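Open the model in your viewer and keep the selection tool at hand. This tour goes stop by stop.

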Amino acid sequence: MGSYCHFAILFLLCCSITVSPTGARKLTALVEQQPLILKYHNGALLKGNISVNLIWYGQFTPIQRSIIVDFIQSLNSRRAPLPSVSTWWKTTDKYKSGSSALVVGKQILHEAYTLGKLLKTRHLLALANKVNGLNSINVVLTAKDVAVDGFCMSRCGTHGSTRVSQGKRVTRTAYVWVGNSETQCPGQCAWPFHQPIYGPQTPPLVSPNGDVGVDGMIINLATVLAGTVTNPFNNGYFQGPATAPLEAVSACTGIFGSGAYPGDPGRVLVEKTTGASYNANGVNGRKYLLPAMWDPQTSACKTLV
């Protein structure tokens, strides 16, 4: 299973998101970068049409939900102008066995905090198992007032898998968790839209959708979704130990545009009227800031701009 924490500069732990102020792999004039190779470990990848089921835990506004739903819908939409979210996602096609087409599936609202406001991993699994289905990813999204075990301390999001019995057959279903860090640790899990807790105190970027917490969630969701389709069961593409792998996006942590280095996200696009920073266009006029992804053809972290 994996976790990804996005502190000031992100560093992926296992298949989750983990943060480290100096964890980003950067090329500098003084230090020669070691080749970045994500080895394929001969396991199954998630390919073809995949439903993304959203389990909303806690209070999200309709606008917040629409930002995230539009992002997922943008992954395979050709309607958005370049540079686009779908162009970014298309890099996953270069990983073995073809394309992964993600579409929004079921949505479940858990606004009553039935499991409380302090969740452990077993609670995330219970929520993820609310939806059964083949060829799907169950995504648990927790609101800004929900604390999750390890959230902010070692992870901003996680992906893993659960075993599901279907008759006599046991299958594995992928799941994802991402939390809204707005009130708990935006300097860790919503950088570069907030001052980092560690490292160079560069001015934060203006978030493209006017919501630091949710725009931070998009970065973390993008990271774990890419990790999910390219390393769903911990035997796909990754570098390092299986218990703490660097994956498709977490291997490129902290890089959003050309010229990025630790503490600086790089050169990105700026919306003239709002001053918001972005690098990807989505559906319904949305703009997003997406991290670089490792390209198997070039063995390098690829940015959109």
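In which loop does Pro203 lie? Select Pro203: this residue sits in the loop between α4 (186-189) and α5 (212-230). The model is a predicted one. Pro203 counts as exposed, because its relative accessibility is 67% and the cut-off for exposed is over 50%. Pro192 and Pro203 are eleven residues apart in sequence, and their C-alpha atoms are 8.5 Å apart in space.

**Next stop: α5**

Select residues 212-230, which form α5. This helix has 19 residues. From first C-alpha to last, α5 reaches 28 Å, close to the expected 27 Å at 1.5 Å a residue. Is α5 mostly covered or mostly open? Mostly covered: 18 of its 19 residues are buried. Then show the side chain of Asp211. Asp211 caps the N-terminal end of α5. Look for its side-chain oxygen, 3.2 Å from the backbone nitrogen of Gly213.

**Zoom out: the whole chain**

Colour by secondary structure. There are five helices and 17 strands in the chain. Colour by accessibility next. Of the 305 residues, 56% are buried. The accessible surface of the chain is about 12300 Å², and carbon and sulfur atoms account for 55% of that.

**Salt bridges**

How many salt bridges does the structure hold? It holds five. Three of them are on this tour.

Start with Lys90 and Asp93. Their side chains meet in a salt bridge, 3.1 Å from N to O. Lys90 is exposed, at 53% relative accessible area. Asp93 is partly exposed, at 23%.

Move to Lys94 and select Asp295 with it. Lys94 forms a salt bridge with Asp295, and the closest N and O atoms are 2.7 Å apart. What does this pair tie together? Lys94 lies in the loop between α2 (85-89) and β5 (100-110), while Asp295 belongs to strand β16 (residues 293-295), so the bridge ties together parts 201 residues apart in sequence. Check the exposure of each partner. Lys94 is partly exposed at 31% relative accessible area. Asp295 is buried at 3%, because buried means under 20%.

Now select Lys120 and Asp149. Their side chains meet in a salt bridge with an N to O distance of 3.9 Å. This pair also links distant parts of the chain, 29 residues apart. Lys120 is in the loop between β6 (118-119) and α3 (121-128). Asp149 is in the loop between β8 (147-148) and β9 (157-166). Lys120 is partly exposed, with a relative accessible area of 34%. Asp149 is partly exposed as well, at 35%.

**Last stop: confidence**

Colour by pLDDT. The chain averages 90, and 89% of the residues score at least 70. Where does pLDDT stay under 50? Select residues 6-15, one such stretch. The model has 92 contacts beyond four places in sequence for residues 6-15. Then select residues 20-32, where pLDDT also stays under 50. For residues 20-32 the model has 26 contacts beyond four places in sequence. Where pLDDT is low, predicted coordinates should not be read in detail.

Notes:
Residues are numbered from 1 along each chain as its sequence is written. This is a predicted model: local features need pLDDT of at least 70, side-chain atom pairs count only at pLDDT 80 or more; totals for chains, interfaces and linings use all residues. Side-chain values use heavy atoms; hydrogens and water are left out. A salt bridge is a side-chain nitrogen of Lys or Arg within 4 Å of a carboxyl oxygen of Asp or Glu. Buried means under 20% relative accessible area, exposed over 50%, partly exposed in between (1.4 Å probe, protein chains only). Helices (H or I, at least four residues) and strands (E, at least two) are DSSP runs, numbered from the N terminus. Accessible areas come from the Shrake-Rupley method with a 1.4 Å probe; for residues, only the protein chains shown count as cover. pLDDT is the predictor's confidence in each residue, from 0 to 100. Contact means heavy atoms within 4.5 Å. The expected span of a helix is 1.5 Å times one less than its number of residues. A polar contact is a pair of N or O atoms within 3.5 Å; within protein, one must be able to donate a hydrogen and the other to accept it, and residues adjacent in sequence count only if both atoms are side-chain atoms.
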